[in-house]
Number of protein chains: 2
Amino acid sequence: MADNSTGVISGSALLERLSWRYACKSFDPSRTISDTDWRALEQALVLTPSSYGLQPWKFVVVTSPEVKAQLPAISWNQGQVRDGSHVVVFTARESVSEADIDRHLNRISTVRGTPLESLAGFKQMMLGSFKNPPAGFTPFGWAANQVYIALGNLMTCAAVMNIDACPMEGIVASKYDELLGLSGTGYKTVVVCVLGYRSIDDKYASQAKVRFAAADVVEYR
Amino acid sequence: MADNSTGVISGSALLERLSWRYACKSFDPSRTISDTDWRALEQALVLTPSSYGLQPWKFVVVTSPEVKAQLPAISWNQGQVRDGSHVVVFTARESVSEADIDRHLNRISTVRGTPLESLAGFKQMMLGSFKNPPAGFTPFGWAANQVYIALGNLMTCAAVMNIDACPMEGIVASKYDELLGLSGTGYKTVVVCVLGYRSIDDKYASQAKVRFAAADVVEYR
(Lines give C-alpha, C1' and ligand atoms only; values in the text may rest on other atoms or scores of the structure.)
Protein backbone atom coordinates (compact mmCIF):
# COMPACT_ATOMS: atom_id res chain seq x y z
CA MET A 1 0.00 0.00 0.00
CA ALA A 2 1.35 3.36 -0.97
CA ASP A 3 0.91 5.75 1.91
CA ASN A 4 1.95 9.04 3.39
CA SER A 5 1.85 10.53 6.83
CA THR A 6 -0.63 13.36 6.27
CA GLY A 7 -3.21 11.42 4.27
CA VAL A 8 -3.56 14.19 1.69
CA ILE A 9 -4.29 12.82 -1.76
CA SER A 10 -4.87 14.47 -5.10
CA GLY A 11 -8.27 14.80 -6.70
CA SER A 12 -7.40 12.20 -9.31
CA ALA A 13 -6.31 9.72 -6.65
CA LEU A 14 -9.53 10.37 -4.74
CA LEU A 15 -11.61 9.71 -7.85
CA GLU A 16 -9.69 6.48 -8.32
CA ARG A 17 -11.00 5.37 -4.91
CA LEU A 18 -14.56 6.55 -5.51
CA SER A 19 -14.64 4.78 -8.84
CA TRP A 20 -13.28 1.60 -7.23
CA ARG A 21 -16.06 1.52 -4.66
CA TYR A 22 -19.49 0.10 -5.44
CA ALA A 23 -22.38 -1.34 -3.44
CA CYS A 24 -20.82 -4.73 -2.81
CA LYS A 25 -23.37 -7.47 -3.42
CA SER A 26 -21.22 -10.42 -2.38
CA PHE A 27 -18.69 -10.30 0.43
CA ASP A 28 -15.94 -12.88 0.94
CA PRO A 29 -17.03 -14.45 4.25
CA SER A 30 -13.48 -15.63 4.96
CA ARG A 31 -12.05 -12.12 5.13
CA THR A 32 -12.21 -9.96 8.23
CA ILE A 33 -11.24 -6.31 8.65
CA SER A 34 -8.08 -6.13 10.77
CA ASP A 35 -8.28 -4.67 14.26
CA THR A 36 -6.05 -1.79 13.20
CA ASP A 37 -8.24 -0.92 10.24
CA TRP A 38 -11.44 -1.33 12.20
CA ARG A 39 -10.23 0.95 14.98
CA ALA A 40 -9.63 3.64 12.36
CA LEU A 41 -13.11 3.19 10.86
CA GLU A 42 -14.67 3.25 14.33
CA GLN A 43 -12.88 6.51 15.01
CA ALA A 44 -13.96 7.86 11.63
CA LEU A 45 -17.56 7.21 12.68
CA VAL A 46 -16.98 8.94 16.01
CA LEU A 47 -15.47 11.95 14.22
CA THR A 48 -18.47 12.41 11.90
CA PRO A 49 -19.65 16.04 11.93
CA SER A 50 -23.25 16.73 12.97
CA SER A 51 -25.48 19.75 13.30
CA TYR A 52 -24.56 21.70 16.45
CA GLY A 53 -22.19 18.80 17.16
CA LEU A 54 -25.07 16.98 18.85
CA GLN A 55 -24.16 13.52 17.56
CA PRO A 56 -27.73 12.18 17.87
CA TRP A 57 -26.71 8.60 17.15
CA LYS A 58 -25.39 5.27 18.22
CA PHE A 59 -23.55 2.97 15.90
CA VAL A 60 -24.29 -0.66 16.69
CA VAL A 61 -21.67 -2.91 15.12
CA VAL A 62 -22.48 -6.56 14.59
CA THR A 63 -19.54 -8.93 14.26
CA SER A 64 -20.92 -12.01 16.03
CA PRO A 65 -21.59 -14.78 13.49
CA GLU A 66 -24.63 -15.83 15.51
CA VAL A 67 -26.22 -12.38 15.31
CA LYS A 68 -25.18 -11.85 11.69
CA ALA A 69 -26.87 -15.13 10.78
CA GLN A 70 -30.17 -13.67 11.92
CA LEU A 71 -29.89 -10.53 9.81
CA PRO A 72 -30.75 -11.69 6.28
CA ALA A 73 -34.27 -12.64 7.42
CA ILE A 74 -34.87 -9.02 8.47
CA SER A 75 -32.99 -7.55 5.49
CA TRP A 76 -35.02 -8.68 2.50
CA ASN A 77 -32.85 -11.83 2.42
CA GLN A 78 -29.75 -9.95 1.38
CA GLY A 79 -26.74 -12.07 2.26
CA GLN A 80 -24.27 -9.23 2.70
CA VAL A 81 -25.34 -8.75 6.33
CA ARG A 82 -24.30 -12.35 7.02
CA ASP A 83 -21.12 -12.50 4.94
CA GLY A 84 -19.57 -9.10 5.57
CA SER A 85 -16.96 -8.57 8.27
CA HIS A 86 -18.62 -5.72 10.18
CA VAL A 87 -22.29 -4.73 9.95
CA VAL A 88 -22.76 -1.14 11.09
CA VAL A 89 -26.32 -0.39 12.16
CA PHE A 90 -26.89 3.37 12.19
CA THR A 91 -29.40 4.40 14.84
CA ALA A 92 -30.76 7.86 15.55
CA ARG A 93 -32.33 9.53 18.58
CA GLU A 94 -36.11 9.30 18.47
CA SER A 95 -36.38 12.73 20.06
CA VAL A 96 -34.05 15.46 21.24
CA SER A 97 -34.53 16.58 24.84
CA GLU A 98 -32.91 19.23 26.99
CA ALA A 99 -30.96 16.37 28.60
CA ASP A 100 -29.50 15.48 25.19
CA ILE A 101 -28.41 19.07 24.72
CA ASP A 102 -26.94 19.21 28.23
CA ARG A 103 -25.00 16.02 27.58
CA HIS A 104 -23.34 17.72 24.60
CA LEU A 105 -22.66 20.92 26.53
CA ASN A 106 -21.10 18.93 29.37
CA ARG A 107 -18.87 17.21 26.86
CA ILE A 108 -17.77 20.55 25.37
CA SER A 109 -17.02 21.77 28.87
CA THR A 110 -15.00 18.65 29.68
CA VAL A 111 -13.03 18.57 26.42
CA ARG A 112 -12.33 22.29 26.10
CA GLY A 113 -12.47 23.40 29.72
CA THR A 114 -15.21 25.88 28.79
CA PRO A 115 -17.32 26.95 31.79
CA LEU A 116 -20.90 25.74 31.32
CA GLU A 117 -22.17 29.26 32.06
CA SER A 118 -20.49 30.60 28.97
CA LEU A 119 -22.39 28.04 26.87
CA ALA A 120 -25.81 29.29 28.01
CA GLY A 121 -26.42 31.26 24.82
CA PHE A 122 -25.54 28.26 22.66
CA LYS A 123 -27.92 26.15 24.75
CA GLN A 124 -30.79 28.60 24.26
CA MET A 125 -30.14 28.69 20.53
CA MET A 126 -30.28 24.90 20.30
CA LEU A 127 -33.38 24.64 22.49
CA GLY A 128 -35.08 27.33 20.42
CA SER A 129 -34.38 25.61 17.13
CA PHE A 130 -35.96 22.38 18.36
CA LYS A 131 -38.93 24.15 19.92
CA ASN A 132 -39.68 26.36 16.92
CA PRO A 133 -38.68 24.25 13.96
CA PRO A 134 -39.49 24.91 10.30
CA ALA A 135 -42.50 23.18 8.74
CA GLY A 136 -42.04 19.46 8.26
CA PHE A 137 -39.25 19.22 10.82
CA THR A 138 -39.24 16.26 13.20
CA PRO A 139 -36.46 15.53 15.69
CA PHE A 140 -36.14 11.95 14.44
CA GLY A 141 -36.05 13.11 10.82
CA TRP A 142 -33.35 15.59 11.73
CA ALA A 143 -31.38 12.96 13.65
CA ALA A 144 -31.73 10.54 10.74
CA ASN A 145 -30.30 13.19 8.43
CA GLN A 146 -27.24 13.42 10.66
CA VAL A 147 -26.91 9.65 10.58
CA TYR A 148 -26.74 9.79 6.79
CA ILE A 149 -23.77 12.14 7.09
CA ALA A 150 -22.11 9.36 9.07
CA LEU A 151 -23.06 6.87 6.37
CA GLY A 152 -21.60 9.04 3.62
CA ASN A 153 -18.48 9.63 5.64
CA LEU A 154 -18.04 5.93 6.41
CA MET A 155 -18.45 4.79 2.80
CA THR A 156 -15.86 7.29 1.60
CA CYS A 157 -13.47 6.46 4.44
CA ALA A 158 -13.76 2.75 3.67
CA ALA A 159 -13.11 3.42 -0.01
CA VAL A 160 -9.89 5.34 0.61
CA MET A 161 -8.78 2.49 2.89
CA ASN A 162 -9.53 -0.07 0.15
CA ILE A 163 -12.32 -1.64 2.18
CA ASP A 164 -15.60 -2.61 0.54
CA ALA A 165 -18.99 -1.45 1.71
CA CYS A 166 -22.66 -1.98 0.99
CA PRO A 167 -25.22 0.55 2.23
CA MET A 168 -28.64 -0.95 2.83
CA GLU A 169 -31.99 0.75 3.32
CA GLY A 170 -33.73 -2.52 2.54
CA ILE A 171 -34.11 -3.66 6.12
CA VAL A 172 -36.99 -4.03 8.57
CA ALA A 173 -35.85 -1.37 10.99
CA SER A 174 -38.26 -2.35 13.78
CA LYS A 175 -36.95 -5.93 13.68
CA TYR A 176 -33.40 -4.64 13.95
CA ASP A 177 -34.48 -2.65 17.01
CA GLU A 178 -35.87 -5.81 18.58
CA LEU A 179 -32.93 -8.02 17.75
CA LEU A 180 -30.33 -5.51 18.90
CA GLY A 181 -32.19 -4.63 22.11
CA LEU A 182 -32.79 -1.02 21.13
CA SER A 183 -36.44 -0.84 22.12
CA GLY A 184 -36.85 1.68 24.90
CA THR A 185 -33.32 3.06 24.58
CA GLY A 186 -34.37 6.21 22.72
CA TYR A 187 -32.47 5.12 19.59
CA LYS A 188 -34.02 3.63 16.47
CA THR A 189 -32.47 1.85 13.53
CA VAL A 190 -32.24 4.00 10.39
CA VAL A 191 -29.94 2.34 7.88
CA VAL A 192 -27.19 -0.28 7.66
CA CYS A 193 -23.77 -0.40 6.07
CA VAL A 194 -21.89 -3.67 5.70
CA LEU A 195 -18.10 -3.51 5.53
CA GLY A 196 -15.63 -6.15 4.42
CA TYR A 197 -14.06 -7.42 1.22
CA ARG A 198 -15.71 -8.25 -2.07
CA SER A 199 -15.88 -11.83 -3.31
CA ILE A 200 -13.74 -12.31 -6.36
CA ASP A 201 -16.82 -13.53 -8.19
CA ASP A 202 -19.12 -10.57 -7.45
CA LYS A 203 -20.13 -9.70 -10.97
CA TYR A 204 -21.40 -6.30 -9.84
CA ALA A 205 -17.82 -5.20 -9.13
CA SER A 206 -17.02 -4.89 -12.81
CA GLN A 207 -20.26 -3.27 -13.98
CA ALA A 208 -20.06 0.27 -15.23
CA LYS A 209 -21.07 2.79 -12.58
CA VAL A 210 -24.38 4.45 -13.39
CA ARG A 211 -24.58 8.15 -12.59
CA PHE A 212 -26.31 11.01 -14.34
CA ALA A 213 -23.97 13.26 -16.27
CA ALA A 214 -22.49 16.08 -14.19
CA ALA A 215 -24.32 18.61 -16.36
CA ASP A 216 -27.61 17.02 -15.33
CA VAL A 217 -27.07 17.19 -11.56
CA VAL A 218 -24.70 20.11 -11.02
CA GLU A 219 -25.70 23.67 -11.79
CA TYR A 220 -23.80 26.91 -11.33
CA ARG A 221 -24.84 30.36 -10.20
CA MET B 1 1.76 17.10 -1.35
CA ALA B 2 2.63 13.48 -0.87
CA ASP B 3 0.54 11.39 -3.22
CA ASN B 4 0.12 8.04 -4.85
CA SER B 5 -1.71 6.85 -7.89
CA THR B 6 -4.32 4.61 -6.24
CA GLY B 7 -5.38 6.98 -3.48
CA VAL B 8 -5.29 4.23 -0.84
CA ILE B 9 -4.25 5.57 2.54
CA SER B 10 -3.81 3.95 5.93
CA GLY B 11 -6.29 4.32 8.73
CA SER B 12 -3.90 6.53 10.67
CA ALA B 13 -3.43 8.82 7.68
CA LEU B 14 -7.18 9.01 7.23
CA LEU B 15 -7.66 9.97 10.87
CA GLU B 16 -5.04 12.65 10.41
CA ARG B 17 -7.29 14.18 7.74
CA LEU B 18 -10.50 13.81 9.74
CA SER B 19 -8.84 15.41 12.75
CA TRP B 20 -7.55 18.24 10.59
CA ARG B 21 -11.02 19.07 9.34
CA TYR B 22 -13.45 21.23 11.33
CA ALA B 23 -16.48 23.36 10.57
CA CYS B 24 -14.57 26.34 9.21
CA LYS B 25 -15.98 29.55 10.64
CA SER B 26 -13.82 31.99 8.70
CA PHE B 27 -12.72 31.45 5.13
CA ASP B 28 -9.89 33.33 3.45
CA PRO B 29 -11.82 35.28 0.77
CA SER B 30 -8.68 35.66 -1.32
CA ARG B 31 -8.25 31.92 -1.88
CA THR B 32 -10.12 30.00 -4.56
CA ILE B 33 -10.24 26.26 -5.16
CA SER B 34 -8.32 25.48 -8.35
CA ASP B 35 -10.20 24.27 -11.40
CA THR B 36 -8.45 20.91 -11.18
CA ASP B 37 -9.42 20.40 -7.55
CA TRP B 38 -12.95 21.61 -8.11
CA ARG B 39 -13.48 19.26 -11.03
CA ALA B 40 -12.53 16.38 -8.72
CA LEU B 41 -14.92 17.53 -6.00
CA GLU B 42 -17.70 17.98 -8.55
CA GLN B 43 -17.14 14.44 -9.75
CA ALA B 44 -17.05 13.21 -6.13
CA LEU B 45 -20.52 14.72 -5.72
CA VAL B 46 -21.71 13.06 -8.91
CA LEU B 47 -20.35 9.69 -7.73
CA THR B 48 -22.20 9.81 -4.39
CA PRO B 49 -24.07 6.55 -3.77
CA SER B 50 -27.84 6.74 -3.27
CA SER B 51 -30.65 4.33 -2.54
CA TYR B 52 -31.52 2.37 -5.69
CA GLY B 53 -29.04 4.68 -7.39
CA LEU B 54 -31.87 7.18 -7.93
CA GLN B 55 -29.75 10.29 -7.24
CA PRO B 56 -32.75 12.41 -6.19
CA TRP B 57 -30.76 15.61 -6.12
CA LYS B 58 -29.26 18.63 -7.76
CA PHE B 59 -26.18 20.35 -6.48
CA VAL B 60 -26.31 24.08 -7.07
CA VAL B 61 -22.86 25.59 -6.78
CA VAL B 62 -22.55 29.31 -6.15
CA THR B 63 -19.27 30.94 -7.13
CA SER B 64 -20.51 34.31 -8.36
CA PRO B 65 -19.47 37.05 -5.89
CA GLU B 66 -22.75 38.85 -6.59
CA VAL B 67 -24.85 35.84 -5.62
CA LYS B 68 -22.61 34.92 -2.67
CA ALA B 69 -23.00 38.45 -1.33
CA GLN B 70 -26.74 37.84 -0.99
CA LEU B 71 -26.35 34.61 0.98
CA PRO B 72 -25.45 35.78 4.53
CA ALA B 73 -28.82 37.55 4.81
CA ILE B 74 -30.60 34.21 4.27
CA SER B 75 -28.06 32.21 6.30
CA TRP B 76 -28.41 33.62 9.81
CA ASN B 77 -25.74 36.20 8.88
CA GLN B 78 -22.99 33.63 8.67
CA GLY B 79 -20.18 35.05 6.57
CA GLN B 80 -18.82 31.75 5.32
CA VAL B 81 -21.32 31.71 2.44
CA ARG B 82 -19.86 35.01 1.23
CA ASP B 83 -16.16 34.33 1.86
CA GLY B 84 -15.81 30.69 0.83
CA SER B 85 -14.68 29.72 -2.64
CA HIS B 86 -17.56 27.42 -3.61
CA VAL B 87 -20.95 27.28 -1.90
CA VAL B 88 -22.63 23.95 -2.57
CA VAL B 89 -26.40 24.06 -2.12
CA PHE B 90 -27.76 20.54 -1.75
CA THR B 91 -31.27 20.22 -3.11
CA ALA B 92 -33.56 17.19 -3.06
CA ARG B 93 -36.52 16.05 -5.12
CA GLU B 94 -39.79 17.13 -3.56
CA SER B 95 -41.44 13.92 -4.74
CA VAL B 96 -40.45 10.81 -6.63
CA SER B 97 -42.55 9.99 -9.67
CA GLU B 98 -42.57 7.16 -12.14
CA ALA B 99 -40.85 9.56 -14.52
CA ASP B 100 -37.97 9.93 -12.04
CA ILE B 101 -37.64 6.17 -11.88
CA ASP B 102 -37.76 5.88 -15.65
CA ARG B 103 -35.05 8.51 -15.98
CA HIS B 104 -32.78 6.35 -13.83
CA LEU B 105 -33.66 3.17 -15.72
CA ASN B 106 -32.96 4.89 -19.03
CA ARG B 107 -29.57 5.93 -17.71
CA ILE B 108 -28.77 2.37 -16.62
CA SER B 109 -29.77 1.18 -20.07
CA THR B 110 -27.59 3.80 -21.76
CA VAL B 111 -24.51 3.27 -19.56
CA ARG B 112 -24.61 -0.53 -19.37
CA GLY B 113 -26.40 -1.39 -22.58
CA THR B 114 -29.04 -3.24 -20.54
CA PRO B 115 -32.36 -3.65 -22.40
CA LEU B 116 -35.07 -1.69 -20.59
CA GLU B 117 -37.31 -4.78 -20.62
CA SER B 118 -34.90 -6.61 -18.36
CA LEU B 119 -35.17 -3.79 -15.80
CA ALA B 120 -38.95 -4.18 -15.46
CA GLY B 121 -38.68 -6.11 -12.18
CA PHE B 122 -36.37 -3.49 -10.70
CA LYS B 123 -38.84 -0.82 -11.77
CA GLN B 124 -41.74 -2.57 -10.07
CA MET B 125 -39.71 -2.98 -6.89
CA MET B 126 -38.88 0.73 -6.79
CA LEU B 127 -42.44 1.78 -7.60
CA GLY B 128 -43.74 -0.55 -4.90
CA SER B 129 -41.42 0.81 -2.24
CA PHE B 130 -42.58 4.35 -2.90
CA LYS B 131 -46.26 3.37 -3.07
CA ASN B 132 -46.23 1.26 0.09
CA PRO B 133 -43.68 2.95 2.29
CA PRO B 134 -43.07 2.33 6.01
CA ALA B 135 -44.76 4.63 8.56
CA GLY B 136 -43.32 8.12 8.65
CA PHE B 137 -41.79 7.83 5.18
CA THR B 138 -42.06 10.81 2.86
CA PRO B 139 -40.42 11.01 -0.56
CA PHE B 140 -38.83 14.37 0.29
CA GLY B 141 -37.57 13.05 3.63
CA TRP B 142 -36.09 10.07 1.85
CA ALA B 143 -34.51 12.26 -0.83
CA ALA B 144 -33.12 14.56 1.87
CA ASN B 145 -31.51 11.55 3.54
CA GLN B 146 -29.74 10.75 0.28
CA VAL B 147 -28.57 14.35 0.06
CA TYR B 148 -26.94 14.00 3.46
CA ILE B 149 -24.94 11.05 2.12
CA ALA B 150 -23.62 13.47 -0.49
CA LEU B 151 -22.83 15.99 2.24
CA GLY B 152 -20.93 13.41 4.30
CA ASN B 153 -19.09 12.24 1.22
CA LEU B 154 -18.18 15.77 0.17
CA MET B 155 -16.84 16.80 3.58
CA THR B 156 -14.62 13.73 3.78
CA CYS B 157 -13.45 14.14 0.19
CA ALA B 158 -12.56 17.77 0.84
CA ALA B 159 -10.66 16.79 4.00
CA VAL B 160 -8.49 14.23 2.23
CA MET B 161 -7.76 16.86 -0.44
CA ASN B 162 -6.76 19.39 2.24
CA ILE B 163 -9.69 21.65 1.42
CA ASP B 164 -11.75 23.25 4.17
CA ALA B 165 -15.49 22.95 4.51
CA CYS B 166 -18.35 24.25 6.59
CA PRO B 167 -21.67 22.41 6.60
CA MET B 168 -24.63 24.66 7.33
CA GLU B 169 -28.18 23.80 8.30
CA GLY B 170 -28.67 27.35 9.55
CA ILE B 171 -30.18 28.71 6.37
CA VAL B 172 -33.62 29.83 5.25
CA ALA B 173 -34.18 27.10 2.70
CA SER B 174 -37.19 28.74 1.06
CA LYS B 175 -35.19 31.92 0.45
CA TYR B 176 -32.43 29.88 -1.14
CA ASP B 177 -35.05 28.32 -3.41
CA GLU B 178 -36.22 31.79 -4.46
CA LEU B 179 -32.77 33.23 -4.98
CA LEU B 180 -31.49 30.25 -6.94
CA GLY B 181 -34.61 29.98 -9.09
CA LEU B 182 -35.57 26.54 -7.79
CA SER B 183 -39.24 27.25 -7.24
CA GLY B 184 -41.29 25.02 -9.51
CA THR B 185 -38.35 22.87 -10.55
CA GLY B 186 -39.23 19.95 -8.28
CA TYR B 187 -36.08 20.44 -6.22
CA LYS B 188 -35.88 22.10 -2.81
CA THR B 189 -32.91 23.32 -0.82
CA VAL B 190 -31.96 21.03 2.06
CA VAL B 191 -28.53 22.01 3.38
CA VAL B 192 -25.41 23.93 2.35
CA CYS B 193 -21.71 23.20 2.45
CA VAL B 194 -19.15 25.94 1.90
CA LEU B 195 -15.74 24.94 0.55
CA GLY B 196 -12.52 26.90 0.47
CA TYR B 197 -9.57 27.62 2.71
CA ARG B 198 -9.53 28.66 6.35
CA SER B 199 -8.38 32.12 7.37
CA ILE B 200 -5.15 31.94 9.30
CA ASP B 201 -6.90 33.76 12.13
CA ASP B 202 -9.90 31.43 12.51
CA LYS B 203 -9.60 30.64 16.20
CA TYR B 204 -11.94 27.67 15.84
CA ALA B 205 -9.30 25.82 13.81
CA SER B 206 -7.18 25.16 16.89
CA GLN B 207 -9.97 24.25 19.30
CA ALA B 208 -10.10 20.68 20.55
CA LYS B 209 -12.63 18.60 18.64
CA VAL B 210 -15.65 17.71 20.76
CA ARG B 211 -16.96 14.18 20.30
CA PHE B 212 -18.46 11.71 22.70
CA ALA B 213 -16.11 8.89 23.66
CA ALA B 214 -16.25 5.91 21.31
CA ALA B 215 -17.59 3.76 24.13
CA ASP B 216 -20.57 6.10 24.42
CA VAL B 217 -21.61 6.00 20.77
CA VAL B 218 -20.39 2.64 19.47
CA GLU B 219 -21.79 -0.64 20.74
CA TYR B 220 -21.01 -4.18 19.70
CA ARG B 221 -23.16 -7.24 19.22
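This is a predicted model: local features need pLDDT of at least 70, side-chain atom pairs count only at pLDDT 80 or more; totals for chains, interfaces and linings use all residues.
**Stop 1: the contact between the chains**

Select chain A and chain B together. Each side brings its own set: 75 residues from chain A and 75 residues from chain B make the contact. Now colour the chain A side by element. Those giving two or more residues are helix H1 (11–20), H2, strand E1 (57–62), helix H5 (98–112), H7, helix H9 (214–217) and E5 of chain A. Which element gives the largest share of that side? H7(A) does, with 13 residues. The side of chain A that touches chain B divides into 41 nonpolar, 21 polar and 13 charged residues.

**Stop 2**

Next, show strand E5 of chain A with the strands of chain B. They form an open sheet of 5 strands with mixed pairing, in the order E5(A)-E1(B)-E2(B)-E4(B)-E3(B). Go to the edges. E5 (218–220) of chain A and E3 (164–168) of chain B each pair on one side only. Look along the sheet: from one strand to the next, the twist averages 25 degrees.

Zoom in where the chains join. E5(A) and E1 (residues 57–62) of chain B run parallel, joined by 3 bridges. Select A:Val218. Opposite this residue, in E1(B), stands B:Phe59.

**Stop 2: the pairing of E1(A) with E5(B)**

Now select E1 of chain A and E5 (residues 218–220) of chain B. This pair is parallel too, over 3 bridges. Pick A:Val60 and look across to E5(B). The residue opposite is B:Glu219.

**Stop 3: a helix across the strands of chain B**

H7(B) lies across E1, E2 (86–93), E3 and E4 (187–196) of chain B. Its direction is about 155 degrees to E2(B).

**Stop 4: two helices of chain A**

Finish in chain A with H2 (residues 35–46) and H7 (residues 139–160). How do their axes cross? They come within 9 Å and cross at roughly 150 degrees. Angles over 145 degrees count as roughly antiparallel, so H2(A) is roughly antiparallel to H7(A). The crossing of H2(A) and H7(A) is right-handed.

Show side chains here. From H2(A), select A:Leu41, A:Ala44 and A:Leu45. They meet A:Ala150, A:Asn153, A:Leu154, A:Cys157 and A:Ala158 in H7(A).

Conventions
Residues are numbered from 1 along each chain as its sequence is written. Chains are lettered from A and ligands numbered from 1 in the order in which they are written. Axes are lines fitted to C-alpha atoms, for helices over the stretch in contact, and angles run from 0 to 180 degrees between N-to-C directions. Helices (H or I, at least four residues) and strands (E, at least two) are DSSP runs, numbered from the N terminus. Angles under 35 degrees count as roughly parallel, over 145 as roughly antiparallel, 65 to 115 as roughly perpendicular and the rest as oblique. A crossing is left-handed if the near helix is turned anticlockwise from the far one by less than a right angle, and right-handed if clockwise. Two residues are in contact if their C-beta atoms, placed from the backbone, lie within 7 Å. Two strands pair if DSSP finds at least two bridges between them. Ala, Val, Leu, Ile, Met, Phe, Trp, Tyr, Cys and Pro count as nonpolar, Asp, Glu, Lys and Arg as charged, and the others, Gly among them, as polar.
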